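Please keep the sequence and the structure in view while going through the numbered points.

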Amino acid sequence: MEVNRREFLKISAAGVGGAVLGGLAAPNEKVSASQDGDTLKKQGEDVYTICSFCSTGCGIIASVNDGKIVNFEGDPDNPINQGALCPKGVAMKQAAESEDRLTGVLYRAPYSDSWEEKSWDWAVEQVARRIKETRDNNWLEKDGDENLINRTEAIATLATAFPNSEEAYLMSKFIRALGIVYVENPARMCVSSAVCADMETVGRGPTSNHWIDHKNSDSVMIIGGNTAESFPNAFRWIKKAQENGGTIIHVDPRYTRTSKLADYYAMVRAGTDIAFIGGMIRYVMDDMEANPQDYNMTYIREYTNAAYLVNPDFKCPTDTLDGLFSGWNGTSYDKSSWSYQADEEQADGIAKDSTLTSTNCVFQLLKKHFSRYTDDKVVEITGVDKAVYQDICRTFAATGRPEKAGSIFFSAAACQHTTGTQVVRAFGILQLLLGNMGVAGGGLNGIAGAGNGLGCTLQGLVNHWGPGADSVRMPSNTEQAIDSYGGNKGRFVSILKAWYGDIDHNTSYNYLPKRTGGSYTWQDIFSAIDKGTIKGVHSWGNNSAVSGINTTAVKQSLSKLDWLIVTDLWETETASFWKSEAGSSPEDIKTEVFLLPAAHALEKEGSTCSGGRWLQWRYKVVDPPGEAQTDAWIINHIMLKLKELYTGQSDCNADAINNLIWNYGEEPVPNEVSKEMNGYDLTTGKLLSSPGHLKADGTTSCGNWLWCGMNTEEGNQAKRRDNTDASGIGLYPAWGWAWPLNRRIMYNRASVDPDGNPWNPAKPVLQWDADSGKWLGDIADGGAAPVNMGGSCPFIMRPQSRGCIFGSGRVDGPFPEHYEPWESPVDNPLSSQQGNPLTMVYETTPPGNSTEYPLVGFCHRTVEHMHTGSVTRRLGWLLELTPKIVVQISLELADSRGINEGDEVVVESVRGEIKAIASISSLIKPVKVGGRTIHQISIPWSWGYEGIATGNTMNMLSARVMDPNTRIPESRPFLCNIYKA
C-alpha cells in the first residue's frame, strides 16, 4: 500500500515520538555583517524575515525560486540567534506549504452540519452587515447619568498576538472606531499579571532587559518556565552567562532540559512560588543585617521606597496571624492604613527614615512580613529539598554586590495563578533588594510566548489600553471632555489627529467609546455571551476553544452567539466548535460562522516586536495560497464596506466611522502605516523623531507613541541591520529599533550611583559625562541628570520615581503572601486563610476535593509545539518528533496505578476528562508537603481535534478562577486523578 506523507503522519501519530532540542550551542561573540545599515532587503533571491513562533525574535533567510522556498536557514548576521534555529523555526516554511491551509472563504449557516464555499465579495458584504446591524441595534449613546459613552457591548473582538504590528494597529483603529469595548488578546491569558505587578513595582510591564543581555548575568534564576524548550535561542544567552562563570538556577515542579543544564534545580509543588521567593527575601534581609557590606545599601535607600514610613495603623499577616492585611472588611480591603506618613519638609511630602531602622519604615515592615518564611516553612509549603534551597538563597543573594548582577527569567507558569500578580511582585521586590534592576545582566524578564505578543498588545488589543498602553487608555464615562482625561493628553490627542485628521480633537474625543466601572476582560466576554449581551464575536487568529479555560464551557458559550467570524490560517477548533467531532450537535447550534483565510507571516511584511522590545522588519517571502489575504487586507476591506454602509447616516455615532481617516487603497502598505504610527509634526509635515515632541494642542499626530521614533525622516529604523556593538555588553543599538526611543535596558539610570558613575565599571550601561552634561551609552531612561545633580530617581513611571517594595495599588495586599491555589490538596501551612481572599470565581461547579482528585495537575510546553498547536500540529517535521499528547507521571505514581509506559490513560478533573499517552520517568517526582506525599502530573496544552495529529485539549480540565488584579486564569495547578483507559 502506498501512503503519502500526510497519511504517514496520521498513522505515525498513534505512537509517541521523541523530541530534539536545537539551538543551544554557545553563541559566538563576533559576527560579520553581510549588509551595512538600512540597505536593500534582498540579496539575489534571499529574503530576510523573523520567526513567527515565540517572541525571541530570531532572524531567518529564505531563498526563493519561482515563488517557492528552496532554502530556509537562520540569519547568521542577526545578533539574537546568529544563525541558530530551534525545531519550530526550521519547520516554519512548512506553514506556507501546508495542504491544510485555508485557500478560500467558508461559511457555516445556522443549524447546518457543513461548510459552504463563498467569495470574498460576498463575505465582506455579509460580515460588514452583521457588524453594522448588531452595532446599531445595540447602541449605547448615554449611560444612566446622561454621560455620553458611544459604545456597543453586543460585539467582542478576540484578537491575536501574531500579526505584524502595523496590522494590529489597524485592527485597534477599526475596533475603537466601531465603539467596541469588549476586546482582548492572549496577553490576558498568559502574562497580564506580570504586567500589572511590574507596573506596581518598577513602573512598566514588559521585559526590562533583552535576551542577549543575559550573557552579562552572574546568576540567572528561571522560575515558572522551561526556557531551554520554550525559548531555545533566548536560553543560549543564559548558557553564555554560565560559560562566563555565572550560575543557572531552575525552579519548577518538573525536571526538564532547563533543569539538566542548570547548576541548581529545585523541584517544588506547583502554585507555591510566593513561598519560595518569600523565603529568599527573608534570607537576603537577614544576611543584609549581618553583612551590609555585601549589598548595595545606597541603591536600596536612594532608588526604592524602603526608607518610606508607613501609617502606624498598617498591619501585615505577621501581626494579624490570619493571612490578611489591615483593612479587610470581609469582601475587600479598606486601604486607608496602606498609606505613607506625611512630612511637609520632604520634597515629595513623605516621611522617611534613611537609617532603615524605624519599625514603620517599608524596609522593616518587609522584614517582619517575611520573617515567617523560614527555611523549614518554605520546605513544608513547597516540598523543596532544604539543602538545595539554602544553596539557591546564598547563590542568588550574592548578586546583591554592586559589581554583580542577577536576572529573574519567567514565563506564563509563574503568572497563571489566582496570586499571579503577587508572584511577580515577589520577584520584583527581591530584585530591588539586590540592586538588580536597570543593570546589565539583571532585570525582571517575563518573556511573552507569542511571536509579536508585545507588538499587538501595545496597539490596544486589550480592553483597558489604547495604542501605547496604560498612558493612553480609553476614557471613562466621567471623562466627558479631553480636558478631564486622566491619561497623557499629548499622546491621546495625537492619536485622535492620526485617526481623524482635521476634525477638532475636542470633537473626535467623543467619537471613541467610554467605559464605565464594569469589567471587559477575557472571561467577562464569555460571561456576557452567556447572558445574551454579546451577540457577535470576531476571533482573529485566536483559538479560544483550546486556549480558553474550561473549554467545554467555552464551546457552550460560542453556541449561544448569533454570529462568529474567525480569521485564521486553518480551520481551527474555534471555527469548527459546532461540528460533531467537537462533541457538539450541529442541528442545535444557531451560530452563523464566517471563516476567513489569512496569510502567514512568511506571506507579508511589517514590523514585529520581540519579547525584549526589539522591533525588527520582516519581508514578504512568498504569496499566500489561493485567495488567502493579509490581515491588513481583510481589515481594510471590511472597514471600506462599513464606510459605504454608513454613508449618510447620522445616528449611532456614525461620524466615528464616516470621519475616520482610512485611505489605504486596495491594501495598506506596512511602511506607510508605520509612518502613521510614528506620527508627524502637522505644522511642517515632517515625521517625528521622539514622543517627547507630542503635543496636546492638535499640532502633532501619532498613532502609537511607543512607535514614535521608529520610522523617521532618516528612514525605517526597524529595517536596520548593523550588528556592530561598541558598548561591549551586547546592546547592538543599530540593529532594528527598541521602544521607547531605542532604549535597550529599562530603568538604566539605576545602573549608576547618585553621582552618575556605573555600579559595575566592567559592564557599564550608562556613564554621566560631566563635561558635556550628557549620558553616554544606552538611551537614558527619563534623561534626567544623576540624583546628586538634581535629577530624579530612575523609576520614572512610579509616582516618586522609586522602585516600590511596598505597593498599595494592588487589590490583594501591599506585600505578596502565600495562599493556596483554588484547588489544593493541602490546607495552607502558613495561615488560616486558605486562598487569595479576592479570587474571582466564574466557575459554576465547586472545586474538586482532594479525596476524589488527589493529584496536582499542571500544563507545559514542548520545543516542538506552540500554544494551541493550530500551526504546529500541521507541520510534518514537528509531528515526526512529537505526534501525540502525553502526560508525564512519576515512577511511583505509575506503579501505584498499574500504568505502564505508552499506556493510554484518562486524566479527570471535576470539570471533564481527557485521554493521553503515559510517559513515565523520574523527570517528575512526588513532593513531601507537611509529611504528606503529593503526586504531580504534567500535560502539554497544544492539542485539539483539528489538524494532522489530534488529541484532547488539556484546558478541558482547568477552572475558570482568576487573579483579582487582572483576571488572568489559574490554568495551573488544578486537582485531578489518573487511571488506565
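**Notes on the predicted model**

1. Leaving aside residues up to four places away in sequence, Gln-364 touches Leu-356, Thr-357, Ser-358 and Thr-359. A contact here means heavy atoms within 4.5 Å. Gln-364 belongs to helix H14, residues 362–369. Helices (H or I, at least four residues) and strands (E, at least two) are DSSP runs, numbered from the N terminus. With a relative accessible area of 22%, Gln-364 is partly exposed; buried means under 20% relative accessible area, exposed over 50%, and partly exposed in between, with a 1.4 Å probe and protein chains only. Met-285 is 79 residues from Gln-364 along the chain, and the C-alpha atoms of the two are separated by 9.3 Å.

2. Residues are numbered from 1 along each chain as its sequence is written, and side-chain values use heavy atoms, with hydrogens and water left out.

3. The overall form may be considered next. The protein has 29 helices and 37 strands. Its C-alpha trace spans about 75 × 75 × 65 Å along the principal axes. For 981 residues, a compact globule would have a radius of gyration near 30 Å, and the 27 Å of the protein agrees with this. That radius is taken over C-alpha atoms, and the globule rule is 2.2 Å times the number of residues to the power 0.38.

4. How much of the protein is buried? Of its 981 residues, 67% count as buried. The accessible surface comes to about 31300 Å², and 47% of this belongs to carbon and sulfur atoms. Accessible areas come from the Shrake-Rupley method with a 1.4 Å probe; for residues, only the protein chains shown count as cover. Among contacts between residues at least 6 apart in sequence, 74% join residues at least 24 apart.

5. Charges form the next topic. There are 90 positive and 116 negative side chains, and the centres of the two sets lie 1 Å apart. Lys and Arg count as positive and Asp and Glu as negative, whereas His and the chain ends are not counted. The place of a charge is taken as NZ of Lys, CZ of Arg, CG of Asp or CD of Glu.

6. The structure holds 46 salt bridges, each being a side-chain nitrogen of Lys or Arg within 4 Å of a carboxyl oxygen of Asp or Glu. One of them joins Lys-404 and Asp-218 at 3.9 Å, N to O. Lys-404 lies in the loop between helix H16 (386–397) and strand E13 (406–410), and Asp-218 in the loop between helix H7 (192–201) and strand E10 (219–223), so this pair ties together parts that are 186 residues apart in sequence. Lys-404 is partly exposed at 35%, and Asp-218 is partly exposed at 22% relative accessibility.

7. Lys-352 and Asp-348 meet at 2.6 Å, N to O; Lys-352 is partly exposed at 23%, and Asp-348 is partly exposed at 32%. Lys-620 pairs with Asp-623, their closest N and O atoms being 2.8 Å apart. Here Lys-620 is partly exposed at 37%, whereas Asp-623 counts as exposed at 56%.

8. Most residues other than glycine have a negative phi, and most peptide bonds are trans. A cis peptide bond joins Trp-739 and Pro-740, with omega about -10 degrees; Pro-740 lies in the loop between strand E25 (737–738) and strand E26 (766–769). Another cis peptide bond joins Arg-972 and Pro-973, with omega about -5 degrees. Pro-973 is placed in the loop between strand E36 (961–962) and strand E37 (974–980).

9. Which phi values are positive in Tyr-111 and Tyr-732? Tyr-111, although not a glycine, has a positive phi of about 65 degrees. The loop between strand E5 (105–108) and strand E6 (116–118) holds Tyr-111, which is partly exposed at 47% relative accessibility. For Tyr-732, phi is near 45 degrees, again a positive value in a residue other than glycine. Tyr-732 is found in the loop between strand E24 (715–716) and E25, and is buried, with a relative accessible area of 4%.

Notes:
This is a predicted model: local features need pLDDT of at least 70, side-chain atom pairs count only at pLDDT 80 or more; totals for chains, interfaces and linings use all residues.
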